[in-house]
Amino acid sequence: MTPYIKKEVLLQAQGVSLCYGEKCILRDVHFSIRDIVRPGIRQGQVVSLVGRSGMGKTQLFRLVSGLQKPTAGTITLRERKPAEVGGGVIEVWRERPVQAGDMGVIFQNYYQFGWRTVKQSLLLAARRNPALAGKEEEAIREYANRFDIADVLQRYPGQLSGGQQQRVSIIQQLLKGSNFLLLDEPFSGLDICVLEKVTELLLQVSLSDELKTLIIVSHDIATAVAISDTVFILGRDAAGEGSTLVREIDLIERGLAWRSDLREDKVFLDTLKEIKDCL
Amino acid sequence: MITAQVLFALLIWQLSPGGLIPGPLRVVEALGNLLSGRLLYDSLLTSLILTFKALAYSLVLTLLFSYLSVLPFFRPAAEFIVKCRYLTLTGLIFIFTLLTRDGGALKLSLLVFGIVPFFTTSFLAVILRTPAQELELCQTLGYGRWETLYEVIVIGKADQVFEVVRQNFAIAWMMITMVEGLNMSEGGIGTLLIKYNKYNDLPHVLALQALIFGLGLCFDYGLGQLRRWFFAYTKI
């Protein structure tokens, strides 16, 4: 097995619940995502959240993205921040509640401002990133070339194909500079060729930075498991009303992470069955 | 096909027993008469200047109240303006006369007062139809409230301003003939229309109506073209 270590907690949900009046959608959700370190590789994290329709996946997605506040509990993220210690500056880990804007969010329909060209949209995001100050155009060119959208920079979202829209959404959120990328149903409605390209793209993103963390909400279990290192299963149990995380599966331990030849693997197929049984 | 239908309608109009209502040939003759004199052009110019002035003031007021309506403090004021659609101008003429210094200002203020509620109603509807995802995209990009207002409402709805003007221009155009009747010394097509009505000169009245109708259609088309020209993405 590839050597790896799970280090600091990057994102943590503790006792998260979401209720509308008397009706609880999510109950007592706990999970944490740790920084995975592999020697010689800039290995990011890819976590999938799977569950049946109506289990509150999108609601949890919104809570994690900071677009909605939980009724109870907290979702905190930990980030490295420079701090002055003894006359020098070192990076320390700081913890704070998630707010809207902390996460890069890619909605299911890859929504973009219809009145902005691709380049203008990407510039809006790049200008939010202090690390890119003065180098925004350069960064856009680099991403556009890498993700093969250089020829559509002057187009409007309405003139793009679904795949191009998805890439623009991903680049926009990457340019913003967030380490976390949340994707709502990124495999939905894609044909097999595009699906392969998208999974390749996401893996490419996850390898772009040590702290880059992809959280994928999907009901396409096979694809989600194929590119993830951890799977969280959202479901119901006998303890009360609303959905909660009923299972966490560490795919690294099972030798299923970071591999491209999984689809026929027996452990992979058994894991899929195990997940389906939990739903 | 439309041309054929129009020609057919004109033919029926011409062949039907008219009585007091003049046939299309007499209307065309009156139109030629109007077009050959200077009075029509002077009147049109007067009316157009007044209309554009009123549109400009109305647009500024509409945008001001509509943009501010996203703040809870200004929301009731915007909603009150929307309800002002049900106020008739006739009952307010005396108050406006007291508040304005001359006939020109009276006409302008009455027009603005009449137009703003319709513009505001339409533009508020545009703002209220803003998809939640536009606002959420701003949030995910880390925008503050004012930045979101600027991006989504001011920039994002700029093309809709043209559409609102286009759709409500008819109100302004309809009211111009009414308010011009209040102060006839400055002329205008409204004054001209009242004059011809007074002498029961129906061919000229109908010729003027046709002109007003045609101009309205031209504005409708022109504003639509301007929107597409200024905001290329509306063509997609």
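## Confidence in the model

Chain B has a mean pLDDT of 89, and 100% of its residues reach 70 or more. Keep in mind as you read on that this is a predicted model. For the complex, the predictor reports an ipTM of 0.83 together with a pTM of 0.80.

## A helix pair in chain B

Let's start inside chain B. Helix α3 (residues 39-68) of chain B and helix α9 (residues 158-179) of chain B have axes that come within 11 Å of each other and cross at roughly 130 degrees. Because of that angle, α3(B) is oblique to α9(B). The crossing in which α3(B) passes α9(B) is right-handed.

Which residues make the contact? On the α3(B) side they are S47(B), L50(B), T51(B), A54(B), L55(B) and L59(B). Facing them from α9(B) are V165(B), A172(B), W173(B) and I176(B). Sorted by class, this contact of α3(B) with α9(B) has eight nonpolar and two polar residues, with no charged ones.

## Where the chains meet

Now for the interface. Twelve residues of chain B are in contact with 19 residues of chain A. Helix α7 (residues 132-140) of chain B supplies the largest share of the chain B side, namely six residues. By class, the chain B side that touches chain A has five nonpolar, five polar and two charged residues.

Is T140(B) buried or exposed? T140(B) has 28 other C-beta atoms within 10 Å, so T140(B) is buried. Its contacts, leaving aside neighbours within four places in sequence, are S65(A), A100(A), G101(A), M103(A), G104(A) and V105(A). Within its own chain, T140(B) lies 59 Å from L10(B), C-alpha to C-alpha, and the two are 130 residues apart in sequence.

## An exposed arginine in chain A

Over in chain A, R94(A) has its place in strand β5 (residues 88-97) of that chain. R94(A) counts as exposed because there are 11 C-beta neighbours inside 10 Å, and the cut-off for that class is 12 or fewer.

What does R94(A) touch, not counting residues up to four places away in sequence? The residues are R78(A), E79(A) and K81(A). K81(A) is 13 residues from R94(A) along the chain, and the C-alpha atoms of these two residues are separated by 6.7 Å.

Methods: Residues numbered from 1 in each chain as written. Chains lettered and ligands numbered in written order. Predicted model: local features only at pLDDT ≥ 70, side-chain atom pairs only at ≥ 80, totals over all residues. pLDDT = per-residue confidence, 0-100. Axes fitted to C-alpha atoms, helices over the stretch in contact; angles between N-to-C directions. Helix = DSSP H or I, 4+ residues; strand = E, 2+ residues; numbered from the N terminus. Parallel < 35°, antiparallel > 145°, perpendicular 65-115°, else oblique. Left-handed = near helix turned anticlockwise from the far one by under 90°. Contact = placed C-beta atoms within 7 Å. Nonpolar A, V, L, I, M, F, W, Y, C, P; charged D, E, K, R; others polar. Buried ≥ 20, exposed ≤ 12 C-beta atoms within 10 Å, placed from the backbone.
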